[in-house]
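Here is a quick tour for anyone opening this one for the first time. Have a look at the sequence and the 3D view, then read on.

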Amino acid sequence: QLALVESGGDLVQPGGSLRLSCVASGPMKYVTIGWFRQAPGKEREMVSCITARGRITHQAESAKGRFTTYRENDKKTAYLQMNNLNVEDTAVYYCAADGQSTECSAGMPYWGKGTSVTVSS
(Lines give C-alpha, C1' and ligand atoms only; values in the text may rest on other atoms or scores of the structure.)
Protein backbone atom coordinates (compact mmCIF):
# COMPACT_ATOMS: atom_id res chain seq x y z
CA GLN A 1 0.00 0.00 0.00
CA LEU A 2 1.14 3.48 -0.80
CA ALA A 3 -0.61 6.57 0.52
CA LEU A 4 -0.37 9.79 -1.45
CA VAL A 5 -1.08 13.28 -0.20
CA GLU A 6 -1.37 16.26 -2.49
CA SER A 7 -0.92 19.85 -1.39
CA GLY A 8 -0.37 23.27 -2.84
CA GLY A 9 -3.81 23.99 -4.27
CA ASP A 10 -5.11 27.49 -3.79
CA LEU A 11 -7.09 30.35 -5.23
CA VAL A 12 -4.94 32.21 -7.76
CA GLN A 13 -5.53 34.94 -10.31
CA PRO A 14 -5.25 34.29 -14.04
CA GLY A 15 -1.62 34.37 -15.06
CA GLY A 16 -0.47 33.21 -11.66
CA SER A 17 1.53 30.16 -10.65
CA LEU A 18 1.21 27.29 -8.24
CA ARG A 19 3.33 24.32 -7.36
CA LEU A 20 1.51 21.19 -6.36
CA SER A 21 3.24 18.49 -4.34
CA CYS A 22 2.49 14.81 -4.02
CA VAL A 23 4.10 13.13 -1.05
CA ALA A 24 4.22 9.35 -0.81
CA SER A 25 4.06 7.36 2.41
CA GLY A 26 6.84 5.06 1.29
CA PRO A 27 9.71 4.77 -1.15
CA MET A 28 8.69 6.01 -4.56
CA LYS A 29 11.86 5.50 -6.58
CA TYR A 30 10.29 2.59 -8.43
CA VAL A 31 6.82 4.02 -9.05
CA THR A 32 5.33 5.91 -11.93
CA ILE A 33 3.45 9.05 -10.93
CA GLY A 34 0.54 10.54 -12.79
CA TRP A 35 -1.09 13.93 -12.31
CA PHE A 36 -4.78 14.16 -13.11
CA ARG A 37 -7.42 16.80 -12.74
CA GLN A 38 -11.16 16.97 -12.67
CA ALA A 39 -12.98 20.18 -13.34
CA PRO A 40 -16.54 20.73 -12.15
CA GLY A 41 -18.95 18.82 -14.36
CA LYS A 42 -16.18 17.24 -16.41
CA GLU A 43 -14.43 13.93 -16.54
CA ARG A 44 -11.08 13.36 -14.94
CA GLU A 45 -8.24 13.94 -17.36
CA MET A 46 -4.56 13.12 -17.25
CA VAL A 47 -2.30 16.13 -16.99
CA SER A 48 1.08 14.44 -17.01
CA CYS A 49 2.89 11.21 -16.36
CA ILE A 50 6.44 10.76 -15.08
CA THR A 51 8.29 7.49 -14.77
CA ALA A 52 10.38 6.43 -11.80
CA ARG A 53 13.49 7.65 -13.60
CA GLY A 54 11.99 11.01 -14.36
CA ARG A 55 10.97 10.54 -17.98
CA ILE A 56 7.84 12.42 -18.98
CA THR A 57 5.68 10.05 -20.98
CA HIS A 58 2.57 12.18 -21.25
CA GLN A 59 1.62 15.80 -21.04
CA ALA A 60 -1.78 17.19 -21.88
CA GLU A 61 -1.83 19.64 -24.77
CA SER A 62 -3.28 22.28 -22.47
CA ALA A 63 -0.31 21.87 -20.14
CA LYS A 64 2.50 22.07 -22.67
CA GLY A 65 4.63 25.14 -22.25
CA ARG A 66 2.99 26.01 -18.93
CA PHE A 67 3.25 23.00 -16.61
CA THR A 68 6.38 21.17 -15.50
CA THR A 69 6.37 17.77 -13.85
CA TYR A 70 9.33 16.54 -11.84
CA ARG A 71 10.17 14.48 -8.84
CA GLU A 72 12.60 14.10 -5.97
CA ASN A 73 12.64 10.45 -5.07
CA ASP A 74 14.81 10.95 -2.01
CA LYS A 75 12.10 13.24 -0.64
CA LYS A 76 9.34 10.86 -1.77
CA THR A 77 7.73 13.79 -3.55
CA ALA A 78 6.53 14.59 -7.03
CA TYR A 79 5.68 18.07 -8.20
CA LEU A 80 3.50 19.80 -10.73
CA GLN A 81 4.67 23.34 -11.37
CA MET A 82 1.91 25.29 -13.06
CA ASN A 83 2.55 28.68 -14.63
CA ASN A 84 0.38 31.13 -16.52
CA LEU A 85 -2.76 29.61 -15.09
CA ASN A 86 -6.12 30.35 -16.64
CA VAL A 87 -9.69 29.79 -15.56
CA GLU A 88 -9.84 26.54 -17.52
CA ASP A 89 -7.25 25.11 -15.13
CA THR A 90 -9.71 25.29 -12.26
CA ALA A 91 -10.07 21.73 -11.00
CA VAL A 92 -9.26 19.28 -8.26
CA TYR A 93 -5.81 17.91 -8.97
CA TYR A 94 -4.88 14.37 -8.04
CA CYS A 95 -1.69 12.38 -8.10
CA ALA A 96 -1.65 8.65 -8.63
CA ALA A 97 1.01 5.99 -8.49
CA ASP A 98 1.75 2.62 -9.97
CA GLY A 99 4.70 0.44 -9.11
CA GLN A 100 4.07 -2.09 -11.86
CA SER A 101 3.85 0.04 -14.98
CA THR A 102 5.64 2.95 -16.62
CA GLU A 103 2.35 4.17 -18.04
CA CYS A 104 -0.32 6.27 -16.40
CA SER A 105 -4.03 5.68 -16.61
CA ALA A 106 -7.22 6.04 -14.66
CA GLY A 107 -6.61 2.51 -13.44
CA MET A 108 -3.54 3.36 -11.39
CA PRO A 109 -3.84 1.62 -8.03
CA TYR A 110 -2.91 4.38 -5.64
CA TRP A 111 -4.56 7.79 -5.50
CA GLY A 112 -4.43 10.84 -3.31
CA LYS A 113 -7.54 12.70 -2.23
CA GLY A 114 -6.79 15.73 -4.33
CA THR A 115 -6.01 19.39 -3.88
CA SER A 116 -8.25 22.16 -5.20
CA VAL A 117 -7.03 24.78 -7.63
CA THR A 118 -9.24 27.73 -8.43
CA VAL A 119 -8.20 30.30 -10.99
CA SER A 120 -10.30 33.41 -10.78
CA SER A 121 -9.99 37.15 -10.79
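What follows covers the model itself, a sheet, the cores and the salt bridges.

## About the model

This is a predicted model, so local features need pLDDT of at least 70 and side-chain atom pairs count only at pLDDT 80 or more, while totals for chains, interfaces and linings use all residues. Residues are numbered from 1 along each chain as its sequence is written, and side-chain values use heavy atoms, with hydrogens and water left out.

## A four-strand sheet

Let's start with an open sheet of four strands, in the order β1-β3-β8-β7, with antiparallel pairing. Strands here are DSSP runs of E, at least two residues long, numbered from the N terminus, and two of them pair if DSSP finds at least two bridges between them. β1 (4–7) and β7 (67–72) sit at the edges with a single partner strand each, so one side of each has no neighbour in the sheet.

β7 and β8 pair over six bridges in the antiparallel sense. As for E72, its bridge partner in β8 is T77.

## The nonpolar cores

A nonpolar core is a set of buried Ala, Val, Leu, Ile, Met, Phe, Trp, Tyr and Cys residues joined through side-chain atoms within 4.5 Å. Buried means under 20% relative accessible area, exposed means over 50%, and partly exposed is in between (1.4 Å probe, protein chains only). The largest core has 27 residues, and I33, W35, F67, L80, M82 and Y93 touch the most other members. Several strands supply at least two residues each, among them β3 (18–24), β8 (77–82) and β9 (91–98). There's also a second, separate core of five residues, including F36, C49, A96 and M108.

What does M82 touch, leaving aside its neighbours within four places in sequence? Its contacts (heavy atoms within 4.5 Å) are G16, S17, L18, L20, R66, F67, Y93 and V117.

## Salt bridges

A salt bridge is a side-chain nitrogen of Lys or Arg within 4 Å of a carboxyl oxygen of Asp or Glu, and this structure holds five. R37 takes part in one with E45, where the closest N and O atoms are 2.6 Å apart. R37 is buried at 6% relative accessible area, whereas E45 is partly exposed at 34%.

R37 also bridges to D89, with the closest N and O atoms 2.9 Å apart. That pair links distant parts of the chain: D89 is in the loop between β8 and β9, and R37 is in strand β4, 52 residues apart. Shared partners join R37, E45, R66 and D89 into one network.
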